[in-house]
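Have the sequence and the model side by side as you read.

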Amino acid sequence: GHSLELLEPLIKFQVGLKNLNLHEPEHVLLMAICILSPDRPGVQNRVQVECIQDGLSETLQSYIRAKHPPPGNRLLYPKMIQKLTDLRSLSEEHSKQFQFLTINPDCNTQLTPLVLEVFSNDVDQ
């Protein structure tokens with residue numbers, strides 16, 4: 001049921017990301033941009049985090065221009081940012097599904113204690 005609904009978009013995301021043929025520094029910068037998001041819960045200095053994220057974004061764009069010949073470099077950055085949007089959607093959907101599973105007593109027994117602990121802390125915050 002739920003696991004197949006979640007697995008297909010995840011595989012589609014991974015294949016799409018792989019098809020971008022990113023270099024390791026591009027993966028690292030993309031992950032950093034994702035992690036250093038000013039709209040994450042608990043961020044206290046959003047302006048500073050946004051400045052750091054902007055710097056990483058500019059670095060990524062410079063790297064793309066330097067390492068990928070035209071015309072292929074023109075759309076690579078927007079495609080990478082779209083992957084972040086896709087990842088955020090996947091993450092939100094997975095969180096909803098796990099929250100449903102942790103709240104529903106019939107499904108609760110199918111989850112490991114670690115998963116229950118992680119998502120119970122997430123729900124409490």
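Is K83 buried or exposed? At 14% relative accessibility, K83 counts as buried, where buried means under 20% relative accessible area, exposed means over 50%, and partly exposed is in between (1.4 Å probe, protein chains only). Before going further, some ground rules: this is a predicted model, so local features need pLDDT of at least 70 and side-chain atom pairs count only at pLDDT 80 or more, while totals for chains, interfaces and linings use all residues. Residues are numbered from 1 along each chain as its sequence is written, and side-chain values use heavy atoms, with hydrogens and water left out.

Back to K83. Its side chain meets that of D86 in a salt bridge, 3.8 Å from N to O; the term takes a side-chain nitrogen of Lys or Arg within 4 Å of a carboxyl oxygen of Asp or Glu. Both residues sit in helix α4, 3 residues apart, or about one turn of the helix. Helices here are DSSP runs (H or I, at least four residues), numbered from the N terminus. D86 is partly exposed, with a relative accessible area of 29%.

How many salt bridges does a search of the whole structure find? It turns up 2. R88 forms one with D39, and there the closest N and O atoms are 2.6 Å apart. R88 lies in α4 (residues 76-103) and D39 in the loop between α2 (24-35) and α3, so this pair ties together parts that are 49 residues apart in sequence. R88 is partly exposed at 39% relative accessibility, and D39 is partly exposed too, at 46%.

Now for a charged residue without such a partner. E26, in helix α2, is buried yet has no salt bridge, and the nearest side chain of opposite charge, K67, is 9.5 Å away. (For charge, Lys and Arg count as positive and Asp and Glu as negative; His and the chain ends are not counted.) What the side chain of E26 does have is a polar contact with the side chain of H68, at 2.6 Å. A polar contact is a pair of N or O atoms within 3.5 Å; within protein, one must be able to donate a hydrogen and the other to accept it, and residues adjacent in sequence count only if both atoms are side-chain atoms. Leaving aside neighbours within four places in sequence, E26 is in contact (heavy atoms within 4.5 Å) with residues including N21, L60, Y63 and I64.

The buried residues in α3 are V49, Q53, L56, S57, L60, Y63 and I64. They cover an arc of only 125° around the axis, which puts them on the same side of α3; the arc is that of the directions from the helix axis to the C-beta atoms. On the face turned away from that buried side you'll find the exposed V47, E58, R65 and A66.

α2 can be read in a similar way. Its buried residues are E26, L29, L30 and I33. They span an arc of only 100° around the axis, which puts them on the same side of α2. Exposed E24 and I35 are carried by the face turned away.

Finally, a look at the backbone in the loops. Most residues other than glycine have a negative phi, and most peptide bonds are trans. N21, in the loop between α1 (2-19) and α2, has a positive phi of about 50° although it is not a glycine. In the loop between α3 and α4 sits P71, and the peptide bond from P70 to P71 is cis, with omega near 0°.

Definitions and conventions: Helix = DSSP H or I, 4+ residues; strand = E, 2+ residues; numbered from the N terminus.
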